[in-house]
Amino acid sequence: MKQLRRPPPYCQGFTDRHGKVRWYLRKPGVPRAALPGLPWSPEFMAAYEEALEGSAPQVRAKKVKPGSVDALVASYYQTADFAGLRSSTKTTYRGIIERFRTEHGDKRVAKMETKHVRAIIGAKAETPTAANNLLRMIHLLMRHAVELGWRRDDPTQGVRKIKVRSSGFATWEEEHIETFLATHKPGTRAHLAFMLLLYTGQRRSDVVRLGRQHVREGVLTITQQKTGTTVHLPVLRPLCEAIDATPRDNLTFLTTAQGKPFSPAGFTNWFRDVTTEAGLPKGLSPHGLRKATARRLAEHGRSTNEIMAVLGHAALAEAARYTAAADRKRLATEGMKALEEKETRTNIVKPGPKV
């Protein structure tokens with residue numbers, strides 16, 4: 001049985017007497033707010049963010065102890081630093097901070113010590129990435145507490161991150177790509193999504209926004225949502241054919257079964273399902289195809305700067321990893337071939353002297 005994804009924090013749904021599913025934001029001390037659509041859909045998340053933004057003053061005004069973690073979180077939400085974040089980043093931050101707030105909201109900020117932070121992070125050692133993300137959020141809150149004069153120091157200083165034994169998102173290999181394309185043929189949503197990911201090398205948050213309005217004279221241009229970098233990419237023949245096989249009645253290339261644009265999270269969930277349908281192993285994600293694009297470029301001898309231009313990387317080190325790996329593979333292959341040729345020459349049996 002397929003497991004449904006958990007809705008965002010403070011969201012509750014029920015089926016009314018007409019059989020319609022209704023969702024509401026129900027947060028302590030905040031008036032109930034109706035949310036349209038389904039959890040994680042664009043319209044749902046927009047209303048969710050708006051409801052949360054409007055809830056902060058009410059939360060602070062009602063039974064919040066001065067100097068508590070509750071009060072600190074409410075104050076942090078009003079800072080210019082938080083207000084300047086992108087909506088998707090705000091949602092991510094809130095999800096982590098609100099879980100921390102639920103567990104420690106009534107505690108006094110001034111009483112938090114390094115040993116307490118270390119214990120909180122250590123309790124999440126089995127999920128190191130989540131633990132490190134929580135440490136970062138606590139650091140932001142404690143830095144804000146110092147700015148407010150509630151503390152003289154930051155108790156997260158000296159708390160080490162938990163080592164993550166992972167190379168990040170798994171890169172799609174050529175056999176994975178062939179298997180997916182053998183299952184999902186041209187004309188399907190899955191095929192178009194795959195080609196957009198592989199032949200643009202963009203993040204899921206940008207791929208779900210792509211449409212015909214981004215293509216002019218064979219060049220696709222988009223400003224990346226995460227970095228603000230604008231990339232210009234030629235639409236290669238495989239991608240062009242996939243786009244041509246798609247109906248022209250939507251603003252975005254990719255839509256849900258209801259004909260609406262995907263949210264980034266919803267797209268990942270759907271793409272995971274179509275990947276499973278192809279019989280591929282778990283762990284292959286949309287971001288893994290972005291890495292596959294970089295791998296292909298590097299294996300074809302493209303420079304670090306060229307990879308940066310395609311992917312929109314801001315730092316040389318990000319793109320250099322792919323060229324370095326490709327160089328190691330090429331040098332190892334050439335070295336072993338040279339060794340094989342030497343062994344072959346050494347083992348040639350020379351004819352003996354004539355009698």
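This is a predicted model: local features need pLDDT of at least 70, side-chain atom pairs count only at pLDDT 80 or more; totals for chains, interfaces and linings use all residues.
**View 1. Helices α8 and α12 cross in a right-handed way.**
Helix α8 covers residues 189-200 and helix α12 covers residues 286-299. Two packed helices are described by the angle between their axes and the distance between the axes. For this pair, the angle is about 40 degrees and the axes sit 7 Å apart. That angle makes α8 oblique to α12. So who is doing the touching? On the α8 side, look for F194, L197, L198 and Y199. On the α12 side, the contact comes from P286, L289, A292, T293 and R296. Sort these contact residues by type and you get 7 nonpolar, 1 polar and 1 charged.

**View 2. Three strands line up as an open sheet.**
Strands of a sheet pair through backbone hydrogen bonds, either parallel or antiparallel. In this sheet, the order is β1-β2-β3 and the pairing is antiparallel. Which strands stand at the edges? They are β1 (11-15) and β3 (33-35), and each has a single partner strand, so one side of each has no neighbour in the sheet. If you follow the sheet from one strand to the next, the twist averages 35 degrees.

**View 3. Strand β2 is joined by bridges to β1 and to β3.**
Start with β1 and β2: 5 bridges join these antiparallel strands.

**View 4. Y10 and E217 have a positive phi without being glycines.**
Let's take Y10 to begin with. Its phi is about 70 degrees, and you will find Y10 in the segment before β1. Look for E217 in the loop between β4 (215-216) and β5 (219-223). Is E217 buried or exposed? E217 is exposed, with a relative accessible area of 83%.

**View 5. T304 and T323 are 19 residues apart in sequence, but what about in space?**
Find T304 in helix α13, which covers residues 304-311. Going from C-alpha to C-alpha, T304 and T323 are 6.4 Å apart. What else does T304 touch, once we leave aside its neighbours within four places in sequence? Besides T323, its contacts are L316, A319 and A320.

Terms used: Residues are numbered from 1 along each chain as its sequence is written. Side-chain values use heavy atoms; hydrogens and water are left out. Axes are lines fitted to C-alpha atoms, for helices over the stretch in contact, and angles run from 0 to 180 degrees between N-to-C directions. Helices (H or I, at least four residues) and strands (E, at least two) are DSSP runs, numbered from the N terminus. Angles under 35 degrees count as roughly parallel, over 145 as roughly antiparallel, 65 to 115 as roughly perpendicular and the rest as oblique. A crossing is left-handed if the near helix is turned anticlockwise from the far one by less than a right angle, and right-handed if clockwise. Contact means heavy atoms within 4.5 Å. Ala, Val, Leu, Ile, Met, Phe, Trp, Tyr, Cys and Pro count as nonpolar, Asp, Glu, Lys and Arg as charged, and the others, Gly among them, as polar. Two strands pair if DSSP finds at least two bridges between them. Buried means under 20% relative accessible area, exposed over 50%, partly exposed in between (1.4 Å probe, protein chains only).
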